[in-house]
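Please keep the sequence and the model side by side while reading.

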Amino acid sequence: MIHSGPLEKDAPPEAVPDYGAYEPLALDRVALRLAAYPEVAARLGGRPEDWRVREVGDGNLNFVYIVEGPAGSVCAKQALPFVRLVGESWPLPLSRSFFEHAALAREAQLAGAVPQILRFDGPQALIVMENLATHVIWRKALTARERHETAAPVLGRFMAETLFRTSDLHLPAARKKREMALFSANTALAKITEDLVFTDPYRVHPLNRWTSPDLDETAAAVRADTEWKRAIQDLKWQFLTSAEALVHGDLHTGSVMVSNADGAEDVRVIDPEFAFYGPMGFDVGALLANLFLAHFAQDGHGPGAEEMKAWLLVQASRVWDCFAGRFGELWRTERGGDAYPVALFEAQGEADASQEALDAFLARLQVDALGFAGAKMARRILGLAHVSDLETIEPASLRAACETRALALARQLVVERGTIATVAAACRRAASLSGAAT
Ligand code: SR1
Ligand code: MG
């Protein structure tokens, strides 16, 4: 692949901006701010006073505005100096916007399937993007039992291309280390994951919550589960130390948007503010986790769940199969980095040995992904940040029943890591716990 962008050999160094002139936007200031960006004003058309602005952010961290003008619309996302979900008592650096933009630029170049960036105002921690007007958050579509058949293959391919092409399999070591150094400063966001995914659900912590009183005993049992805690720390160790590739870092179904306008599906990945150099299996696991959560949530959303439950497990398998298939193609055609060099295998007539190395690499990655999937499932039931798939289930007793089955799979994936070695095997476990057809 020929790079022409931030991964280029002689690309100018990027740096976190100075935030001295930063001003948080309020709804009534958005139009005036955007009017100062000619490319944005041109897309909107007309005058700022004609533009309609609404705040649509439903994520945990930032404010997101949709701005509509006579000629078109845009999406403007600004980081705040704190966590939106919790408030000003939890400060969070504005630099997450810089890392989000840097990751989006790389993803656009390496894989596509991200929103087009119209303007990045670094010192204002503001990214102005195309407005995906016909798209919805995939999580919401899944809860509504809408099926987008291209999502799993697009996402499998997206992960293979971003992860392979930012790793030592593709990049020369010096360039990979330059990239790793840039993203290594995104420490505050990584720390959120370190705490919220790998630590807090396994101890008493004021930010934890769960369906209470139904799951009180379960939460206490998890905190006392030595095997689970040890296995989760093995995964945390990997998260902390394994700088394999530029991971999105928060690739759940709420970070994916899907559309089926005029019968043509489109799939985009959004929100890579957690991006950093970490284990490849973390992104794959995040996506699998959220498909499994959607699967277990189906029984809470009324009759007729069976078909969707089965479909969701098929999508989990397709994510892995498409990921592995594309990763294998890249292994054979773009292995120009310092790891597993072609010079030692294909160039010496040992293509079979290269294939064996690939198979072993993917087998290990699959095990990693399933472990991370288990970690990501449990945190959404016992930790601070939950998912709407489960949160919208009423009554609470029905939600707790769904969550209990999801937690059972989460534990198996984490504690029996290595025994449940394939996504297909994990899907069989999920089906057996939820009484789904396979
Ligand atoms: C305080 S932020 C909570 C969660 O929201 C994001 O989507 C990440 O998953 C993070 O862990
Ligand atoms: Mg997000």
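In helix H10, Met280, Gly281, Phe282, Val284, Gly285, Ala286, Leu288, Ala289, Phe292, Leu293 and Phe296 meet Phe361, Leu365, Asp368, Ala369, Leu370, Phe372, Ala373, Lys376, Met377, Arg380 and Ile381 of H12. Contact here means heavy atoms within 4.5 Å. These residues divide into 17 nonpolar, two polar and three charged. In this count, Ala, Val, Leu, Ile, Met, Phe, Trp, Tyr, Cys and Pro are nonpolar, Asp, Glu, Lys and Arg are charged, and the others, Gly among them, are polar.

This is a predicted model, in which local features need pLDDT of at least 70 and side-chain atom pairs count only at pLDDT 80 or more, while totals for chains, interfaces and linings use all residues. Residues are numbered from 1 along each chain as its sequence is written, chains are lettered from A and ligands numbered from 1 in the order in which they are written, and side-chain values use heavy atoms, with hydrogens and water left out. Helices (H or I, at least four residues) and strands (E, at least two) are DSSP runs, numbered from the N terminus.

The axes of H10 (residues 280-297) and H12 come within 6 Å and cross at roughly 50 degrees. That makes H10 oblique to H12. Axes are lines fitted to C-alpha atoms, for helices over the stretch in contact, and angles run from 0 to 180 degrees between N-to-C directions. Angles under 35 degrees count as roughly parallel, over 145 as roughly antiparallel, 65 to 115 as roughly perpendicular and the rest as oblique. The crossing of H10 and H12 is right-handed. A crossing is right-handed if the near helix is turned clockwise from the far one by less than a right angle, and left-handed if anticlockwise.

Lys376 belongs to helix H12. Is Lys376 buried or exposed? Its relative accessible area is 3%, so Lys376 is buried. Buried means under 20% relative accessible area, exposed over 50%, and partly exposed in between (1.4 Å probe, protein chains only). Leaving aside neighbours within four places in sequence, Lys376 is in contact with Val197, Gly249, Asp250, Phe282, Ala286 and Ala289. Pro81 lies 295 residues from Lys376 along the chain, and their C-alpha atoms are separated by 26 Å.

Helix H9 (residues 226-241) also meets H12 (residues 351-382): their axes come within 10 Å and cross at roughly 115 degrees. H9 is therefore roughly perpendicular to H12, and the crossing is left-handed. On the H9 side the contact is made by Trp228, Ile232, Leu235, Gln238 and Phe239, and on the H12 side by Asp368, Gly371, Phe372, Ala375 and Ala378. The residues of this contact divide into seven nonpolar, two polar and one charged.

Asp195 is found in helix H7 (residues 187-198), and a relative accessible area of 18% makes Asp195 buried. Not counting residues up to four places away in sequence, Asp195 touches Asp200 and Pro201.

The sheets come next. Strands of a sheet pair through backbone hydrogen bonds, either parallel or antiparallel. Two strands are taken to pair if DSSP finds at least two bridges between them. Five strands form an open sheet in the order E1-E2-E3-E7-E6, with antiparallel pairing. Strand E1 (52-55) and strand E6 (117-121) stand at the edges with a single partner strand each, so one side of each has no neighbour in the sheet. From one strand to the next, the twist averages 20 degrees.

Within this sheet, strand E2 (residues 63-68) and E3 pair in the antiparallel sense over six bridges. Phe63 has Gln78 in E3 as its bridge partner, and Glu68 stands opposite Ser73 in E3. A hairpin of four residues joins E2 to E3. Five bridges join E3 to strand E7 (residues 126-130), and the two run antiparallel. The bridge partner of Lys77 in E7 is Ile127.

How many of the residues of strand E3 (residues 73-78) are buried? Six of its six residues are. Ser73, Cys75 and Lys77 are buried on one side, and Val74, Ala76 and Gln78 on the other, which leaves both faces of E3 covered.

A second open sheet has three strands in the order E8-E10-E11, with antiparallel pairing. Its edge strands are E8 (136-137) and E11 (266-269), each of which pairs on one side only. E8 and strand E10 (residues 256-259) pair over two bridges in the antiparallel sense, and Val136 has Val258 in E10 as its bridge partner. Helix H5 (residues 151-165) lies across E10 and E11 and runs at about 40 degrees to E11.
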